[in-house]
Amino acid sequence: DDRNSFEFSYVDEPVVTGIFPRVGWTVGGALISVSVEGLDPFCVYEISCSFGDSFNFTQAQEVRRNEVLCESPPFHNDNMKRHASIILAIDNGVSKSYHTSPPFSYIQPSFITKIDPRVGSVIGGSLVRVHGIDFVNMESLYCLFGNVPVSAIFVSDKELLCESPEWNYMPKVVKVNVAAANGTLLTAGSHASFQYL
């Protein structure tokens, strides 16, 4: 008699495999994609995120088949770590399971105060000194001329060196920013412009 039988399925625990981007500003508000293998059977449950080892959980912005989107909260020195895993909590209504990501880092937004020189040839190759505040020495650091990335050399928290790229586009005046390898902007509201001649 099958009238009182129930089907029970065993599934593997989900595994967090990566996050993108891996850095976000201390003001919060970054949408972080957390890649999770084996998430599909758990998508119907409540999934929440915690940053900075704070164990303050907020509901995920969106849950997809193998991805959870979490919004980073503002960083607070008193109860958060600057470099820590994102913790996902999966609540099935009876119990919670916790899953940790690779480290996520909070950074202060950097500011560009000036660049020198501010003009260069469309063939590129000009050595540009980028002056500013709170530059971070990262493994992969880039200057963006418009949307074109070029490698940056970290000199100090106040100076970077970049070589202007070749430019065959319009307009001939472009914004200069600093970014991480994954494209995350590290500068806030840059007013620095480079003019191609």
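Is Asp53 buried, partly exposed or exposed, and what is its relative accessible area? In this predicted model, Asp53 has a relative accessible area of 34% and is partly exposed, because a residue counts as buried under 20% and as exposed over 50%. The side chain of Asp53 forms a salt bridge with that of Lys81, with an N to O distance of 3.3 Å. Lys81 lies in the loop between β7 and β8 (83–91), and Asp53 in the loop between β4 and β5 (58–59); the pair thus links distant parts of the chain, 28 residues apart. Lys81 is partly exposed as well, at 48% relative accessibility.

Six salt bridges were counted in the model. Side chains of opposite charge can pair when their charged atoms come close. Asp40 is partly exposed at 41% relative accessibility, whereas Arg65, at 57%, is exposed.

A salt bridge is also found between Arg129 and Glu159, whose closest N and O atoms are 2.4 Å apart. Arg129 belongs to strand β12 (residues 127–133) and Glu159 to strand β15 (residues 159–163), so this pair ties together parts that are 30 residues apart in sequence. Arg129 is partly exposed, with a relative accessibility of 35%. Glu159 is buried, because its relative accessibility is 15% and the cut-off for buried is under 20%.

When residues up to four places away in sequence are not counted, the residues touched by Phe145 include Val128, Val150, Cys162, Trp167, Val174, Val176, Phe194 and Tyr196. Glu163, Ser164, Pro165 and Lys175 are also among the residues that Phe145 touches.

One cavity of 30 Å³ or more was found. The largest cavity has a volume of about 30 Å³ and is lined by Ser110, Phe135, Val136, Leu141, Leu160, Val178 and Leu186. By class, this lining comprises six nonpolar residues, one polar residue and no charged residues. Ser110, one of the lining residues, is located in the loop between β9 (96–107) and β10. Ser110 is buried, with a relative accessibility of 2%. Leaving aside neighbours within four places in sequence, Ser110 is in contact with Ile133, Asp134, Phe135, Val136, Leu186, Thr187 and Ala188.

How values were computed
Residues are numbered from 1 along each chain as its sequence is written. This is a predicted model: local features need pLDDT of at least 70, side-chain atom pairs count only at pLDDT 80 or more; totals for chains, interfaces and linings use all residues. Side-chain values use heavy atoms; hydrogens and water are left out. A salt bridge is a side-chain nitrogen of Lys or Arg within 4 Å of a carboxyl oxygen of Asp or Glu. Buried means under 20% relative accessible area, exposed over 50%, partly exposed in between (1.4 Å probe, protein chains only). Helices (H or I, at least four residues) and strands (E, at least two) are DSSP runs, numbered from the N terminus. On a 1 Å grid over the protein atoms alone, a cavity is a set of points where a 1.4 Å probe fits but cannot get out, and a pocket is an open set with protein on both sides within 12 Å along at least five of seven lines; lining residues have an atom within 4 Å of a point. Grid points are joined across faces, edges and corners, and a volume is the space filled by probe spheres set on the points. Ala, Val, Leu, Ile, Met, Phe, Trp, Tyr, Cys and Pro count as nonpolar, Asp, Glu, Lys and Arg as charged, and the others, Gly among them, as polar. Contact means heavy atoms within 4.5 Å.
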